[in-house]
Amino acid sequence: MRNKIVKVLIFSLIFPMALHAQINFSQENMSVIQSKALSEKKLIFIFAYTPSNSTSRFMTNNVLNDEVLGLFYNQAFICTNINLESEEGKVLKQLYNIQQYPSLLFIKDNGELFYKHNGSIGVADLMDLGQQVLNAFKVNKPIYQQNYNQKFEVLNTDGRFTLGAQGQRLMYGYPYPNSTSYFVVRVNKKFASNAPRFQLGNPFQLHEIPNYGLGFWRKFKSIFNYFLRSKNIYNQNVYKNVHYLKDTLLIEFNNHLSLSSNISYDFENVSITQKLIPLNSQMLELAPDDTASYYKIHYTFENKGNTQVNFGLLSLFDTMIDDNDAAKMDAFKDAELKNGEKISLKNKQLRGKQVIYNNADIPERVLVYRTTAKRTNDLTGDFHFINPPDELHIGSWPLYYSVLWNTPMKYDGQKYFDSAILAKWDDEILEIGQKKEISIIYGLFNKGILEVIPAGTKYTGMNKNGVAYEFDFPKFEVSADTIRKGDTITISWLTKNPQQAEIFINPLSRKKLENNGSIKKVPAKTTTYNFLMRKDGKYLANISKTVVVLPKLEYEELNGRLTFGNDNQALSYGFPLPFSNNLFQIQIGEKDFSNAAFDDGAQKIKANRVINGGDEALNYLFYKTENAIIEQNIKQLKRNPYELLCPDTNFILLSFKIKNISPDTLNGEFSYFINLIDKNESIELSANDSIQIELRNEIGNDDIPSRINIKDTISGELLRLYYKKNKIPTTIIFNEWPQYWSSNKNTIKNAYCKDFILKTNWQYTQICPNDSCQFEILLHSPDNKLDWTYDNREFVDSTNIYFNSNDSLLFTESRTKIIEFLKKNNKKYNIIEIEGHTDNTGSISKNYQLSKSRIEAVKIFITEKLGISSNKILLKAHGEYDANLETNKETADISHRKVVILLYKTKPEEQSTIKK
């Protein structure tokens with residue numbers, strides 16, 4: 001992990017802008033892409049997907065947009081994505097036999113498949129996969145095959161390893177690269193280990209191994225009592241404090257399959273380096289053409305901190321010889337043992353029994369036999385302790401694998417049926433900068449070529465007949481690494497299982513599973529699934545996949561309309577009450593949609609807002625149609641993002657992103673309407689401070705300004721609107737709001753109404769599938785902090801109050817009607833909207849003033865006579881606008897001489913106001 005972080009930091013210094021990227025998929029045709037791959041000598045990475053597939057969408061939204069991943073893939077490969085439902089995709093699907101979605105393909109410039117991964121994959125795994133593919137491609141070897149004469153990296157590994165010779169195991173796990181051998185370090189009584197089993201979640205158990213005599217009966221009873229005679233020696237809290245060590249393993253092979261490797265870890269200011277150094281039959285380091293008969297396991301521990309530390313090491317080796325899991329052992333005080341030398345009676349008696357050595361009695365050498373009858377004529381393992389431990393235990397792996405630090409001492413002399421060696425170097429002080437080195441040599445006694453395989457990688461080696469072969473490591477996949485509570489995941493596995501091991505997935509099922517399969521699961525909480533292959537009580541494979549379960553998203557349904565203001569003063573209709581007439585309309589294909597109720601054919605759509613995802617989620621809304629998702633986002637900024645020549649005060653960035661979720665290209669238009677407040681009937685609009693925008697004027701093409709000033713000529717400037725330079729609108733229109741609210745397209749053009757609206761319209765074309773476009777408006781109030789609230793009104797009730805011609809006096813029955821109306825709806829509402837209307841007799845301007853007088857009369861009665869606060873009342877005058885929608889003929893119709901009282905209920909202010 002440390003190496004990965006260093007690489008990212010280096011990239012960020014050299015390519016600072018690239019870190020804001022993601023995987024950039026070329027949309028050019030395949031022949032052009034292949035030509036680029038040929039000229040740049042790169043593989044082609046293809047993300048093959050279907051738009052309807054949930055895991056494809058998950059990878060698009062959560063994996064492929066990762067910045068660091070994008071930096072690596074954009075430099076390492078020529079990247080493209082192909083919809084498998086397209087004509088090109090159908091050909092690709094058949095050509096590369098794609099049966100699972102998504103599929104990740106790495107192909108050569110001639111179209112030859114280099115590697116294919118089926119199904120979804122997380123960011124970290126996709127990074128590792130890309131690195132392995134790149135390493136293999138550079139040396140022209142199949143992926144996972146060892147790259148001879150090359151150095152390469154295996155990311156995110158713990159450095160465990162298994163040993164074998166010609167396909168025969170000398171330490172457990174070979175040729176399965178899943179070692180049960182490991183080490184534990186203790187630094188100032190804190191523990192760390194390269195064994196992932198410490199993360200499994202079960203308390204450690206100390207297994208009693210009673211002596212039941214020899215032969216089958218002893219073996220049977222020992223296995224039977226394996227689970228019956230056990231007790232917990234550590235609780236979960238102890239083992240959960242064991243830090244799991246992993247980093248980048250560096251590997252190099254020579255011409256004869258002899259591997260050397262090193263890996264470094266850091267724990268509590270102690271640097272830990274493990275090296276595997278191949279040795280020849282004389283235990284000397286290899287010349288270039290030598291083959292390995294031994295391996296030196298060399299540890300270097302260095303105090304990198306500012307204070308001295310207490311440091312200790314415990315190391316477990318799970319021994320076996322080919323098919324003998326209960327390998328017998330002889331121990332020797334003197335490391336020198338000549339071929340054919342007789343074994344003392346004392347040493348012979350150690351075979352198959354638990355033995356404990358301490359201090360001066362520690363042997364320097366241990367031989368591990370496949371059969372004791374043939375002794376060294378058969379395969380014989382050979383241990384040399386270059387730095388003798390303080391304790392050495394020869395005996396049973398089931399007894400030792402549970403040991404964290406305190407080793408059992410009471411089993412001396414008892415039989416064992418599963419062999420292991422446990423060595424411990426007691427705590428000692430490491431001064432600042434001091435190093436401690438420990439070496440163990442293990443190999444074959446006078447026979448064979450020794451091979452070593454890092455745990456968790458694919459095995460490639462020689463079989464007993466000297467023929468090279470490969471063994472596929474089991475595949476274990478989970479469809480997603482992060483989900484929301486209630487989501488379904490697919491857990492799948494695939495293995496050839498040549499040893500017919502038992503397969504389990506913990507905690508998914510306690511029953512044995514088939515070699516291949518998949519299970520759907522709805523995890524209730526964050527869970528680690530362990531794929532286990534067990535043979536004779538030991539695990540041939542243990543692969544972990546963690547699924548993080550996030551809280552289920554809860555949504556609030558809104559219409560998404562906004563009001564803007566500052567210092568509790570309205571700049572667009574409704575503020576400070578959350579009661580907006582600002583809205584958008586969007587044309588998608590042949591259909592119109594809006595977040596306001598229209599009767600002219602536009603379909604009303606409501607937004608969803610995340611209510612449990614933090615402040616940022618509360619500012620984000622999304623609407624969904626059959627073809628697109630419209631994302632609405634509001635951000636309050638301290639500094640402007642457009643490099644504007646204006647003070648760094650407060651800005652609100654209102655953006656709309658249209659994402660194409662259909663298989664077809666989308667075209668259409670998007671319009672946003674701001675209903676402007678004009679208390680003094682003197683509002684003016686100007687473009688870029690100079691050119692005044694006239695009422696009912698439409699600006700388009702090259703005349704579109706980058707800034708619009710909305711100004712009250714009496715009180716001063718109210719609001720500024722800015723447009724992004726590369727997203728200038730198609731048209732801007734300044735007009736009366738009722739014309740856009742009404743469905744009637746033949747509205748009288750000379751209607752008098754001091755109720756203004758600004759319409760901004762964008763045309764959008766050629767939004768390809770899975771692509772998007774975005775429109776932005778930046779709002780700025782030069783003198784005051786700009787605030788906004790969502791419209792969250794819910795209609796309660798309404799009534800009409802009628803007037804005599806050319807009069808604003810309330811009738812007695814009208815007063816009584818208002819009292820009864822409000823009393824009937826007592827406590828059901830918290831906002832009153834009063835709208836004034838007239839018939840169309842008389843002048844237009846006088847009728848507008850008359851409608852204002854009528855709503856003022858109703859307001860005064862409600863506030864003064866009924867004691868209702870004016871802060872709960874919104875006023876809107878229409879004059880004769882509604883009366884002359886259909887005709888210019890003057891008609892003294894009482895149905896138009898009215899005030900409409902509308903009651904609304906809103907949520908509490910702290911829920912509706914996002915930014916105050």
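1. The model discussed here is a predicted one.

2. Of its 916 residues, 53% count as buried. Among the contacts with a separation of 6 or more, 70% are accounted for by residues 24 or more positions apart.

3. A cis peptide bond also joins Asn506 and Pro507, where omega is about 5°, and Pro507 is found in the loop between β31 and β32. Leu513 belongs to the loop between β31 (502–506) and β32 (516–521) as well. Leu513 has a relative accessible area of 19%, and because buried means under 20%, this residue is classed as buried. If residues up to four places away in sequence are not counted, Leu513 touches Trp493, Ile503, Phe504 and Ile505. The C-alpha atoms of Leu513 and Glu502 are separated by 7.4 Å, while the two residues are 11 residues apart along the chain.

4. Asn269, although it is not a glycine, has a positive phi of about 70°, and Asn269 lies in the loop between β14 (259–267) and β15 (270–279). Its relative accessibility is 54%, so Asn269 counts as exposed. Asn806, likewise not a glycine, has a positive phi of about 55° and is found in the loop between β55 (794–802) and α13. With a relative accessible area of 66%, Asn806 is exposed.

5. The next point concerns a pair of helices. Two packed helices are described by the angle between their axes and the distance between the axes. Helix α13 (residues 812–824) packs against helix α14 (residues 844–865) at an angle of about 55°, and their axes are 11 Å apart. That angle makes α13 oblique to α14. The crossing of the two helices, α13 and α14, is right-handed. On the side of α13 the residues in contact are Arg815, Ile818, Ile819 and Leu822, which meet Val858, Phe861 and Ile862 in α14. By class, this contact of α13 with α14 has six nonpolar residues, no polar residues and one charged residue.

6. Aromatic rings are the last topic. A search of the whole structure finds 37 aromatic pairs. One of them is formed by Tyr555 and Phe622, with 5.7 Å from centre to centre and 85° between the planes. Because planes over 60 degrees apart count as edge-to-face, the pair of Tyr555 and Phe622 is given that name. This pair links distant parts of the chain, since Tyr555 is in strand β35 (residues 555–558) and Phe622 is in strand β42 (residues 620–624), 67 residues apart. Tyr555 has a relative accessible area of 41%, so it is partly exposed.

7. Aromatic residues also gather in a cluster. Phe584, Tyr623, Phe656, Phe670, Tyr672, Tyr723, Trp762, Tyr764 and Phe775 form one aromatic cluster.

Technical notes: Residues are numbered from 1 along each chain as its sequence is written. This is a predicted model: local features need pLDDT of at least 70, side-chain atom pairs count only at pLDDT 80 or more; totals for chains, interfaces and linings use all residues. Side-chain values use heavy atoms; hydrogens and water are left out. Helices (H or I, at least four residues) and strands (E, at least two) are DSSP runs, numbered from the N terminus. Buried means under 20% relative accessible area, exposed over 50%, partly exposed in between (1.4 Å probe, protein chains only). Contact means heavy atoms within 4.5 Å. Axes are lines fitted to C-alpha atoms, for helices over the stretch in contact, and angles run from 0 to 180 degrees between N-to-C directions. Angles under 35 degrees count as roughly parallel, over 145 as roughly antiparallel, 65 to 115 as roughly perpendicular and the rest as oblique. A crossing is left-handed if the near helix is turned anticlockwise from the far one by less than a right angle, and right-handed if clockwise. Ala, Val, Leu, Ile, Met, Phe, Trp, Tyr, Cys and Pro count as nonpolar, Asp, Glu, Lys and Arg as charged, and the others, Gly among them, as polar. Rings of Phe, Tyr and Trp (its six-membered ring) pair if their centres lie within 6.5 Å; planes under 30 degrees apart count as stacked, over 60 as edge-to-face and the rest as tilted.
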